[in-house]
Amino acid sequence: MGPTGPPAVTADFPDASQRHLRGVTVSGLAEDWLAGTRSWTCEVSDTGTEPSSGASTLMGCTPRGKSAHDLRVNIEYDGEERVRAVHGLCVYGPGDQACKRLFTDLAGVLLAGDDGLRTQAVDWAGTHVDTDDSTVVGNVRLIVSLSPHYLRGTPAS
């Protein structure tokens with residue numbers, strides 16, 4: 001004879017409230033960091049490309065000028081304070097400083113609310129920029145891939 005009911009769910013079992021990056025906002029990423037600090041252009045995608053996280057909206061951000069086809073940040077979100085995933089993409093090869101700078105800056109922005117965690121994330125991204133690896137820092141899972149070359153930040157739960 002089998003169980004009479006489903007097993008108990010523990011308090012730390014992930015739920016829908018944990019599918020967004022805590023403390024990360026669309027305006028903080030797109031307006032403050034990318035457009036404000038880096039002078040990038042951000043636009044909501046109208047190409048029919050679906051966000052890989054299941055989010056309702058995909059925003060793509062690129063630098064102005066010659067690097068526009070080589071660097072990109074995609075923000076997947078459901079609302080201003082409901083960012084599901086952020087992808088930093090870099091087409092340059094291993095050892096290129098543009099990729100390292102983008103990935104470390106992105107890691108730092110995702111954990112900007114805590115200086116200790118921010119430093120840990122920046123250090124990890126700088127060390128692992130040219131690898132296939134992942135880690136969890138605070139509430140953010142950082143995944144780096146060499147081919148295609150990207151850093152992805154998602155909720156850790």
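Is Cys 99 buried or exposed? Cys 99 counts as buried because its relative accessibility is 0%; buried means under 20% relative accessible area, exposed over 50%, and partly exposed in between, with a 1.4 Å probe and protein chains only. This is a predicted model, in which local features need pLDDT of at least 70 and side-chain atom pairs count only at pLDDT 80 or more, while totals for chains, interfaces and linings use all residues. Residues are numbered from 1 along each chain as its sequence is written, and side-chain values use heavy atoms, with hydrogens and water left out.

**Disulfides**

- A disulfide is a covalent bond between the sulfur atoms of two cysteines. The structure holds two disulfides, each defined as a pair of cysteine sulfur atoms within 2.5 Å.
- Cys 90 is joined to Cys 99 with an S to S distance of 1.9 Å, and this link is left-handed, with -75° about the S-S bond. Cys 90 counts as buried because its relative accessibility is 3%.
- The sulfur atoms of Cys 42 and Cys 61 are 2.1 Å apart in the other disulfide, a right-handed link with 115° about the S-S bond. Cys 42 lies in strand β1 (residues 41-44) and Cys 61 in strand β2 (residues 57-62), so the pair ties together parts that are 19 residues apart in sequence. Strands (E, at least two residues) and helices (H or I, at least four) are DSSP runs, numbered from the N terminus.
- Cys 42 counts as partly exposed because its relative accessibility is 23%, whereas Cys 61, at 0%, counts as buried.
- With the bonded cysteines numbered in sequence order, the pairing is 1-2, 3-4.

**Charged residues**

- Side chains of opposite charge can pair when their charged atoms come close. The structure holds two salt bridges; a salt bridge is a side-chain nitrogen of Lys or Arg within 4 Å of a carboxyl oxygen of Asp or Glu.
- Arg 38 forms a salt bridge with Asp 105, and their closest N and O atoms are 2.7 Å apart. This pair links distant parts of the chain, 67 residues apart: Arg 38 is in the loop between α1 (26-37) and β1, and Asp 105 is in helix α2.
- Arg 38 is partly exposed at 22% relative accessibility, and Asp 105 is partly exposed with a relative accessible area of 31%.
- Asp 78 and Arg 84 meet in a salt bridge of 2.6 Å, N to O. Arg 84 is buried, with a relative accessible area of 13%.
- Glu 76, in strand β3 (residues 71-79), is buried yet has no salt bridge; Arg 152, the nearest side chain of opposite charge, is 4.6 Å away. In this count Lys and Arg are positive and Asp and Glu negative, while His and the chain ends are not counted.

**Helix α3 and its surroundings**

- Helix α3 (residues 115-128) has 14 residues and reaches 20 Å from its first C-alpha to its last, close to the 20 Å expected at 1.5 Å a residue. The expected span is 1.5 Å times one less than the number of residues.
- The buried residues of α3 are Ala 121, Trp 124, Ala 125, Gly 126 and His 128. Among the elements that cover them are α2 (97-110) and β5 (133-137).
- Gly 108 is found in helix α2 and counts as buried at 6% relative accessibility. Gly 108 and Ala 125 are 17 residues apart in sequence and 9.0 Å apart in space, C-alpha to C-alpha.

Terms used
Contact means heavy atoms within 4.5 Å.
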